[in-house]
Amino acid sequence: MRPIVRPFLLCLSLFSLPTLAEQLSDLYQVREPVASRQPAARDQALQRAFDVLLVRLTGKPEAVQNPALAAVRQDPQQLILKYGYEGQTLVVDFDPASTHGQLRQAGLPLWGADRPSLLVWWLNEHDGTAQLVGDGQNSAQPLRKAAQYRGLPLRLPMADLDEQLVATPENLASGTGLQGVSGRYGANAMLTVRARQEGGKWLAQWRLAADGGQSEGSAEAPDAATLADAVMLAASGRMAERFMGRQEATERLVLQVAGADLARFAELERVLEPFDAHLRRVEGDQLVYQLESTVVRVRSQMALIGLHEAGAASQATGQAPMVQARETTLSFRW
């Protein structure tokens, strides 16, 4: 989306805004382990990195099988800004604009960099004891790496005495009893995990509460790091479903947002980037965009940054010269 700055925006006051979503600054960077720096190993790692990015941006593991992306998956370097090595890790930076174009041509939805924050209560159980993973602990590193790898803004509890008393296996299994202590973190979604090592492998039972819905599942892996990645991958897919909406046919939409100032304009531009939105006009403190998406997806993204719908979606025939087809208008206000 091309940035458009109108004179009135420059005159509005700039102040910090509390946002519900978090912006992922490293969404288009993928870190892949490599066995060597030989060309064959590098090319395989680049292909894996692109597959990881595809799942990050769509929330759909099956996106890697899309036939429209077969050629670019074989040679993803056309989408890469740069890559380099850090020890035995290949660090790949993809170009957002080129990647967006490829995914749009393939008919895939895009999950932008502004994403719901995820509070994770992770309990490691061993020999009848349970240890809550807290922010700053060494045991938190696999969770942080897995969350970054899967494109999730992670929040971890402090694991102080009060939290350890309520983060019992029973409360994590039932998904109850944690609401009071969870409120201090202001996250959009909550993931509870009970993990244990058994028979030479790691097992986990997880439960996710997000956007008014709940889901649960299980995972197993040969080690703790792989288990963390499996759980975060599952959580990413469920959250994409909740916050992006299920796959639906897109339509032409007109989005009206009132109560804008310069800071809010910049925030709105980021959130609308996956929709290829175009700012058509400015009317006082109201911004009017045209975009292609679904009503469900736009409502979900607007809620993430604290916007309130000003009225029900209305169908109307556009009168402006640039809009000839019948369209849906959505109105929101800060």
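1. H5 supplies the largest share of the lining of the second largest pocket, five residues. The structure is a predicted model. Besides helix H5 (141-150), strand E2 (29-33) and helix H9 (224-244) give two or more residues each to that lining.

2. The second largest pocket holds about 260 Å³ of space. Its lining is made up of Arg 31, Pro 33, Pro 142, Lys 145, Ala 146, Gln 148, Tyr 149, Asp 223, Ala 225, Thr 226 and Asp 229. By class, five of the lining residues are nonpolar, two are polar and four are charged.

3. The largest nonpolar core contains 34 residues, and Trp 122, Leu 191 and Met 232 have the most contacts inside it. At least two residues of this core come from each of strand E6 (118-126), H5, strand E9 (189-198), strand E10 (201-210), strand E11 (213-221) and H9. The top contributor is H9, with ten residues.

4. Leu 191 deserves a separate entry. Leaving aside residues up to four places away in sequence, Leu 191 touches Leu 118, Leu 119, Val 120, Trp 121, Trp 206, Arg 207, Leu 208, Val 231, Met 232 and Ala 235. Another core, of 29 residues, lies apart from the largest one; Tyr 28, Val 34, Leu 53 and Leu 108 are among its members.

5. Helix H2 (residues 39-58) is 20 residues long and spans 29 Å from its first C-alpha to its last, close to the 28 Å expected at 1.5 Å a residue. H2 is mostly covered, with 14 of its 20 residues buried.

Definitions and conventions:
Residues are numbered from 1 along each chain as its sequence is written. This is a predicted model: local features need pLDDT of at least 70, side-chain atom pairs count only at pLDDT 80 or more; totals for chains, interfaces and linings use all residues. Side-chain values use heavy atoms; hydrogens and water are left out. On a 1 Å grid over the protein atoms alone, a cavity is a set of points where a 1.4 Å probe fits but cannot get out, and a pocket is an open set with protein on both sides within 12 Å along at least five of seven lines; lining residues have an atom within 4 Å of a point. Grid points are joined across faces, edges and corners, and a volume is the space filled by probe spheres set on the points. Helices (H or I, at least four residues) and strands (E, at least two) are DSSP runs, numbered from the N terminus. Ala, Val, Leu, Ile, Met, Phe, Trp, Tyr, Cys and Pro count as nonpolar, Asp, Glu, Lys and Arg as charged, and the others, Gly among them, as polar. The expected span of a helix is 1.5 Å times one less than its number of residues. Buried means under 20% relative accessible area, exposed over 50%, partly exposed in between (1.4 Å probe, protein chains only). A nonpolar core is a set of buried Ala, Val, Leu, Ile, Met, Phe, Trp, Tyr and Cys residues joined through side-chain atoms within 4.5 Å. Contact means heavy atoms within 4.5 Å.
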